[in-house]
Amino acid sequence: QTALSADDLRALRFATPPPGRFALSVLATTFALSVLMALAILVNTFAMAVTLHGTPQSRSPLVNWFAIEAGIPFTMAPPRPSNHPFDQVPFLTDDGGVEVFESGACLLYLADKYASSSAEERAAWTPWVVWANSELDGLCFGAVPGDHRVRGESMSKPEVRSVGRLDQILGGREWLGGGGFSGAAAAG
């Protein structure tokens, strides 16, 4: 017999297991529903719906990487349409109406929203995100602003001042901007 009686339904409604064969089943169901409700509250309290407009050929994979490493749930959207003022990617939105463009700005926003505990912590990696966005493309790809063709790389040339200095800095530590993975690591 699989149908529940009126007494069984009343017992479920008040979360009191009825006597007999349904007791274990009702108890398990009540526990499972309590866990699901607690999870739903946690998700609604701490999760934010992040949408990232991007392509694999842009700097948006840096934002994807950081979000994945930091455990930030996000969805990918086509590169266009988006509200990026220059019609480029990446472009990030969240369910609170925040809109962010440029990979470094996206990294800083996500890190600030999800991974920062203090201004001091942010100060350890924010300069590296900004430096990577302004200097690293040129060192890695010989990029010229506005012209994204690869023109050669400088990262294998320690005589280039920035490359030599970066080698010195990384020679003494595993991570840029702190003791672990951060927006600085994703940016650079």
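Select H53 and A77: the bridge partner of H53 in β2 is A77. Strands here are DSSP runs of E with at least two residues, helices are runs of H or I with at least four, and both are numbered from the N terminus. This is a predicted model, where local features need pLDDT of at least 70, side-chain atom pairs count only at pLDDT 80 or more, and totals for chains, interfaces and linings use all residues. Residues are numbered from 1 along each chain as its sequence is written, and side-chain values use heavy atoms, with hydrogens and water left out.

**The sheet**

Now show β1 and β2 whole. They run parallel, joined by 4 bridges. Two strands count as paired if DSSP finds at least two bridges between them. The order is β2-β1-β3-β4, in an open sheet of 4 strands with mixed pairing. At the edges lie β2 (74-77) and β4 (99-101), each pairing on one side only. From one strand to the next, the twist averages 20°.

Contact means heavy atoms within 4.5 Å. Axes are lines fitted to C-alpha atoms, for helices over the stretch in contact, and angles run from 0 to 180 degrees between N-to-C directions.

**The core**

Select V63, F66, I72, L92 and L110. They have the most contacts inside the largest nonpolar core, which has 15 residues. Such a core is a set of buried Ala, Val, Leu, Ile, Met, Phe, Trp, Tyr and Cys residues joined through side-chain atoms within 4.5 Å. Buried means under 20% relative accessible area, exposed over 50%, and partly exposed in between (1.4 Å probe, protein chains only). Which helix gives the most to this core? It is α4, with 5 residues.

Zoom in on L92. Leaving out residues up to four places away in sequence, its contacts include V50, L52, V63, Y109 and L110.

Move to α3. Its buried residues are S60, L62, V63, N64, F66 and A67. Just after α3, click G71, which takes a positive phi of about 75°.

**The salt bridges**

How many salt bridges does the structure hold? There are 2. Each is a side-chain nitrogen of Lys or Arg within 4 Å of a carboxyl oxygen of Asp or Glu.

Select R80 and D87. Their side chains meet at 3.2 Å, N to O. R80 is partly exposed at 43% relative accessibility, and D87 is partly exposed at 40%.

Finish at D112 and R122. Their closest N and O atoms are 3.2 Å apart. This pair links helix α4 to helix α5, 10 residues apart.
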